[in-house]
Amino acid sequence: MTAGTPGTARAAGTPQGAPAADPIQAPGTPEHRWRAWHGFAGLPAADLPVRGRVVVVAAHPDDEVLGAGGTLALLARAGLALTVVSVTDGERSHPGSTRVTPDALAAVRAAELRRALDALGATDAEVVRLAVPDTRLAHHEEQVAAALAPLLDGARLCLAPWTGDVHGDHEAAGRAATAAARAASVTCWTYPVWMWHWARPGDPAVPWDAAVAVRLPPGTAARKRRAVRHFVSQTAPLGPDPADAAVLPPEELAHHLRDIEVFFT
């Protein structure tokens, strides 16, 4: 996850016609409000494939685990092959840091992803790094779609960031994956990441009528929690300077540690 590249949607509660705020930087919806929402109970269960290969696209290393880590654990346990595509290396999550260079941070984040996948039981997952510039993904959508095309050949399902996530990189990755999957006749589901921050329960900006849910057994939810802890570069400060603050403080991380994952079909 990399903050600071929002899309153009209005923050929840912003009047029609008002200047677009940055909903990612604005105060978010507390997790206790999401956990109290009865809407989750009405979401139909996702029909996961039982064989074959699944391609999982992420704008940054950690998005796939935050948004779909429990689902990846279930797929791996069922014996499906996983191809995990890191479109960027997430090297600009801390652009003002004097503690770590972008190249060093890219290496750190790639290693964190590998350890997180191991914690999910997806030790055999193939990881593909496209090395598109972090925060610039929208300028490379056609390149990304072309790179995904051969990876999607023969896949049973593609998982990708939601195209309405109000984060420029996430939305661009989702558009590229959706286009490539459509061309390959592969079903594509999208997962939200920042949506849980800026949206509110029942938010009309969210396509709940297209949502499906993967409900995680206790052991799978615990695996996901262990996996998320490996993203130390994002969940803990790199140093005391404000530029080194955690991208995912506890109140943000809480959105991704539930026993349910949501996809838009």
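Student: Is Thr 190 buried or exposed, and what is its relative accessible area?

Tutor: This is a predicted model, and the reply should be read with that in mind. Thr 190 is buried, because its relative accessible area is 8% and the cut-off for burial is under 20%. The residue belongs to strand β5, which covers residues 188–191. Once neighbours within four places in sequence are set aside, Thr 190 is in contact with Ala 160, Pro 161, Trp 162, Thr 178, Val 262, Phe 263 and Phe 264.

Two of the elements around this site can be followed further. Thr 178, one of the contacts of Thr 190, falls within the range of helix α5, residues 168–183. Helix α5 packs with helix α4 (residues 141–152) at an angle of about 45°, their axes being 8 Å apart. That angle makes α4 oblique to α5, and the crossing of the two helices is right-handed. On the α4 side the contact consists of Glu 141, Val 144, Ala 145, Leu 148, Ala 149 and Leu 152, and these meet Ala 172, Arg 175, Ala 176, Ala 177, Ala 180 and Ala 181 of α5. By class, the α4 and α5 contact comprises ten nonpolar residues, two charged residues and no polar ones.

The buried residues of α7 are Thr 220, Ala 221, Ala 222, Lys 224, Ala 227 and Val 228. The packing of α7 with two of these helices can be described in detail.

Consider α2 and α7. The axes of helix α2 (residues 63–77) and helix α7 (residues 218–228) come within 9 Å and cross at roughly 135°. With that angle, α2 is oblique to α7. The crossing in which α2 passes α7 is right-handed. From α2, the contact draws on Val 65, Leu 66, Gly 67, Gly 69, Gly 70, Ala 73 and Leu 74; from α7, it draws on Thr 220, Arg 223, Lys 224, Ala 227 and Val 228. These residues divide into six nonpolar, four polar and two charged.

Now consider α3 and α7. Their axes are 8 Å apart and they pack at an angle of about 165°. Angles over 145 degrees count as roughly antiparallel, and α3 and α7 are therefore roughly antiparallel to each other. The crossing of α3 and α7 is right-handed. In this contact Ala 116, Asp 118 and Ala 119 of α3 meet Arg 223, Arg 226 and Ala 227 of α7. The classes here are three nonpolar and three charged residues, with no polar residue.

Ala 107 is partly exposed, with a relative accessible area of 45%. The C-alpha atom of Ala 107 is separated by 7.9 Å from that of Asp 89, although the two residues are 18 residues apart along the chain.

Most residues other than glycine have a negative phi. Ala 131, in strand β3 (residues 126–132), instead has a positive phi of about 60° although it is not a glycine. Thr 135, in the loop between β3 and α4, has a positive phi of about 75° and is likewise not a glycine. Thr 135 is partly exposed, at a relative accessible area of 28%.

The setting of these parts is the whole chain. Its secondary structure amounts to nine helices and seven strands. The chain has a radius of gyration of 17 Å, which agrees with the value near 18 Å that a compact globule of 265 residues would have. Along the principal axes, the C-alpha atoms fill a box of roughly 45 × 40 × 35 Å. Of the 265 residues, 52% count as buried, and Thr 190 is buried as well. Among contacts with a separation of 6 or more, residues 24 or more positions apart account for 82%.

Definitions and conventions
Residues numbered from 1 in each chain as written. Predicted model: local features only at pLDDT ≥ 70, side-chain atom pairs only at ≥ 80, totals over all residues. Heavy atoms only, no water. Axes fitted to C-alpha atoms, helices over the stretch in contact; angles between N-to-C directions. Helix = DSSP H or I, 4+ residues; strand = E, 2+ residues; numbered from the N terminus. Parallel < 35°, antiparallel > 145°, perpendicular 65-115°, else oblique. Left-handed = near helix turned anticlockwise from the far one by under 90°. Contact = heavy atoms within 4.5 Å. Nonpolar A, V, L, I, M, F, W, Y, C, P; charged D, E, K, R; others polar. Rg over C-alpha atoms; globule rule 2.2 N^0.38 Å. Buried < 20%, exposed > 50% of the residue type's maximum accessible area, 1.4 Å probe, protein only.
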